[in-house]
Amino acid sequence: MARTLILPFEHPDRPSLALAPMAGITDRVFRDLCRENGADYAVSEMVASKKHLWQSSKSATRHADQTEASPRMVQLLGTEPSELVEAALWQQSQGADVIDLNMGCPAKKVCDVAAGSALMADPERVSAIFNALVTALDIPVTVKIRTGVDKDHINALEIAQLAQQQGLKAVTLHGRTRADKFQGQAEYDTIQTVTQTVTLPIIANGDICHPNDADFVLEYTGANGLMIGRAAQGYPWIFREIRHYLTHKTQMPSPTRDEFRDVMIRHFVGLASLYGAEHGFKLARKHLGWYSQHLPEGATLRQAFNALNTTQAQLDLVNRYFDALPIQ
């Protein structure tokens, strides 16, 4: 029996706010922090569909987990319908509420095997993948795409129409081509065209860094929701700030230093718990780099933090740093 689940982007009067899947960044720990600070949902880091890869130790932290808040959305990467179906069915059995197909990653190692955004060049295969997943699963299927392979081959509308025909529940559209990678400015005209043409919920993605960006993109494109990626790095409060602006048309105050301290401590403790003492402190370094961009004397903090080799030493440094700041 198919599961019944109203997804955030299906609400007609409330645009959804989502955390984008980013490999090596949006693990369970960070997803929880973003949800606590206003994200309606968060998509997992991508998991390869090939069985020997999705059963690897690297993928072990990326699978569905019923202790995580719903909706639990797992993003799969692959090119073979049968492999994707097998991986999706396993994720469904582990508690996934939604399967999201990665057709947006522009990384060379992904596109070299015709996966990620390279799939945009093969609509026939895309259609077969969509059909296989929707037919096999009891849970919704969504897809994240780009505008096309390059500026001479913009086909996001064609892919979105295939998604609608095959019964997917939503399309997230990044306003860049595969060739653009993350360079230049995202464009929203293609997102507007897709939104005006298909009836599926469309989630806009790309260069949404501030609450006023969010307001503009929603108004311009008519999208049903927004997906935030790089702007959330080191700043999970971006979601509550966007929601406040969309609701009240005013900027809410920035997070306090106590909020920064609390979130950073919980983040770094969570990384040590998830990845173990040998790896957690290493992953904390890149997150501290992003947090520090929003803090006074952040470069000095970052330099000292990166020299430390245990989570406890990092936590002690963070506490000393905040204790030494002048009272606000």
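Start by selecting Glu297, which is exposed because its relative accessible area is 59% (exposed means over 50%, buried under 20% and partly exposed in between, with a 1.4 Å probe and protein chains only). Before moving on, note that this is a predicted model, in which local features need pLDDT of at least 70 and side-chain atom pairs count only at pLDDT 80 or more, while totals for chains, interfaces and linings use all residues. Residues are numbered from 1 along each chain as its sequence is written, and side-chain values use heavy atoms, leaving out hydrogens and water.

**Around Glu297**

Stay with Glu297 and check its backbone: phi is near 55°, a positive value in a residue other than glycine. Most residues other than glycine have a negative phi. Glu297 sits in the loop between helix 11 and helix 12. Helices (H or I, at least four residues) and strands (E, at least two) are DSSP runs, numbered from the N terminus.

Now select Gly298, which lies in helix 12. Gly298 counts as buried because its relative accessibility is 7%.

**Helix 11**

Next, colour residues 277-292, which form helix 11. This helix has 16 residues and reaches 22 Å from its first C-alpha to its last, close to the 22 Å expected at 1.5 Å a residue (the expected span is 1.5 Å times one less than the number of residues). Look along the helix to Lys286, where helix 11 bends by about 25°; the bend is the angle between axes fitted to the seven residues ending there and the seven starting there.

What do the buried residues of helix 11 pack against? Show helix 1 (28-36), helix 10 (257-275), helix 12 (298-306) and helix 13 (311-324) to see their partners. The buried set includes Phe281, His287, Trp290 and Tyr291.

**Phe268 and the core**

Select Phe268 and list its contacts (heavy atoms within 4.5 Å). Not counting residues up to four places away in sequence, Phe268 touches Ala284, His287, Leu288, Tyr291, Phe305, Thr311, Leu315 and Val318. Phe268, Met103 and Phe130 have the most contacts inside the largest nonpolar core, which has 84 residues. Such a core is a set of buried Ala, Val, Leu, Ile, Met, Phe, Trp, Tyr and Cys residues joined through side-chain atoms within 4.5 Å. Helix 10 gives the most to this core, with six residues. Another core, of 11 residues, lies apart from it, with Tyr41, Val98, Ala170 and Met227 among them.

While helix 10 is on screen, pick Arg261, which is found there. Arg261 counts as buried because its relative accessibility is 19%. Leaving aside neighbours within four places in sequence, Arg261 is in contact with Asn319, Phe322 and Asp323.

**Into the strands**

Move to strand 6 (residues 141-146), which is largely enclosed by the rest of the structure because six of its six residues are buried. Val141, Val143 and Ile145 point one way, and Thr142, Lys144 and Arg146 the other. In a regular strand the side chains alternate between the two faces of the sheet.

Which strands are joined to strand 6? On one hand, strand 5 (residues 98-103) runs parallel to strand 6 and is joined to it by five bridges, with Ile99 partnered by Val141. On the other, five bridges join strand 6 to strand 9, also in parallel, and here Arg146 stands opposite His174. Strands count as paired if DSSP finds at least two bridges between them.

Follow His174 onward, as it also stands opposite Asn205 in strand 10. Strand 9 (residues 170-174) and strand 10 pair in the parallel sense over four bridges. From strand 10 (residues 202-205), Ile202 and Ala204 point one way and Ile203 and Asn205 the other, and all are buried.

**Last stops**

Thr195 lies in helix 7 (residues 189-197), and its side chain reaches the backbone oxygen of Ile191 at 2.8 Å.

Then select Asp207, in the loop between strand 10 and helix 8 (211-221). Although Asp207 is not a glycine, it has a positive phi of about 60°.

Finish at Ser70 and Pro71, which are joined by a cis peptide bond with omega about 5°. Pro71 is in the loop between helix 2 (51-54) and strand 4 (72-77).

Conventions:
Polar contact = N/O pair within 3.5 Å; in protein donor to acceptor, adjacent residues only side chain to side chain.
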